[in-house]
Amino acid sequence: MKDQEMELKEKKEVKKVAGEGTRPGPVFIPAVDILENTNEIIVLADMPGVESKSVDIDLKDNQLTITGKVDAPEGEKETSLYKEFNWGDYFRQFTLSNVIDQGKISAKMENGVLRLVLPKVEKAKPQKIKVATG
Amino acid sequence: MAIVRWGSNPDEISDFDRLRQEVNRLFNVFSPCTEPFASRVYPALNLTDDGNNFYFRAELPGVKPESLDISVVEGQLLLRGERKIEPEEQKAGYHRRERESGFFRRTIALPARVDPGKVSAGMKNGVLTVTLPRAEEAKPRKISVKTT
């Protein structure tokens, strides 16, 4: 897997968005990596073309919604000669379990990748339980 | 029709298999293209033109600009680079793994002569934009029609 040439994964379009989006254009599902360590759950989402201020993270009733708005960078005078992908907003929803301390969620957008850190609630961290002898 | 010998060499493709392969190939040629025109090579590129410059754009989230190798040679743009996924600490377990990493390389023929000395590239929010100004002689010239 290390030296392999990357294969293109076509951008997955969202088929149905809950309610209709207000902006015209396709909406894509960003590829994510979700990993978990002792203290937190980390979500990394590929959202190229999205600025930090255009990311919207919403948390309601354990439902985490990530939205990224994209403005197509093409200037008005540009005509398209060859197009392999479309520009569009990003949208993805996750259901969180109760182990997340929702007040301490932090997010950072860098180079088109969103890094969302969801710290676990204290009691959800693995506790070592001492066994008393006697 | 060839006589089929029973118990012949099992490594040989039987005539029926060969026929099936030929027919499949024939159908692939004539069947409509179900997928949009996609290159199957990472990254996907868009090429636009505004009369003075060509613009190449590619979505490369998480790719560091230092790892990119862009060059213009003989009417072709060559893009090479590597996408690395930062390894998180050892104790992390993955629930989902959708993002890929690896090397990529694309070569695109340019539609017209460009001025190689003035080519510039920038990376913003994970989107690479390469600006290639047309060479002077390749700029479209308006030709006016004289009436006599």
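Two strands are taken to pair if DSSP finds at least two bridges between them. In this predicted model, that criterion gives an open sheet of three strands in chain B, ordered S3-S4-S6 with antiparallel pairing. Strand S3 (69–73) and strand S6 (102–109) of chain B stand at the edges, each having a single partner strand, so one side of each lacks a neighbour in the sheet. Direction ignored, neighbouring strands of this sheet are turned by 10° against each other on average.

The pairing of S3(B) with strand S4 (residues 76–83) of chain B is antiparallel and consists of five bridges; within this part of the sheet, B:Val73 stands opposite B:Gln76 in S4(B).

| Residue | Strand | Relative accessible area |
|---|---|---|
| B:Thr48 | S1 (residues 45–49) of chain B | 3% |
| A:Ile41 | S4 (residues 40–46) of chain A | 12% |

B:Thr48 counts as buried because its relative accessible area of 3% falls under the 20% cut-off. The side chain of B:Thr48 is joined to that of A:Glu78 by a polar contact of 2.5 Å. Leaving aside neighbours within four places in sequence, the contacts of B:Thr48 include A:Glu74, A:Thr79, A:Ser80 and A:Leu81 from chain A, together with B:Asn53, B:Phe54, B:Tyr55 and B:Arg57 from chain B.

A:Ile41 is likewise buried, at 12%, and, not counting residues up to four places away in sequence, touches residues including A:Ile34, A:Leu35, A:Ile100, A:Leu116, A:Val117 and A:Leu118. By contrast, A:Pro30 is 11 residues from A:Ile41 along the chain, and their C-alpha atoms are separated by 18 Å.

Technical notes: Residues are numbered from 1 along each chain as its sequence is written. Chains are lettered from A and ligands numbered from 1 in the order in which they are written. This is a predicted model: local features need pLDDT of at least 70, side-chain atom pairs count only at pLDDT 80 or more; totals for chains, interfaces and linings use all residues. Side-chain values use heavy atoms; hydrogens and water are left out. Helices (H or I, at least four residues) and strands (E, at least two) are DSSP runs, numbered from the N terminus. Axes are lines fitted to C-alpha atoms, for helices over the stretch in contact, and angles run from 0 to 180 degrees between N-to-C directions. Buried means under 20% relative accessible area, exposed over 50%, partly exposed in between (1.4 Å probe, protein chains only). A polar contact is a pair of N or O atoms within 3.5 Å; within protein, one must be able to donate a hydrogen and the other to accept it, and residues adjacent in sequence count only if both atoms are side-chain atoms. Contact means heavy atoms within 4.5 Å.
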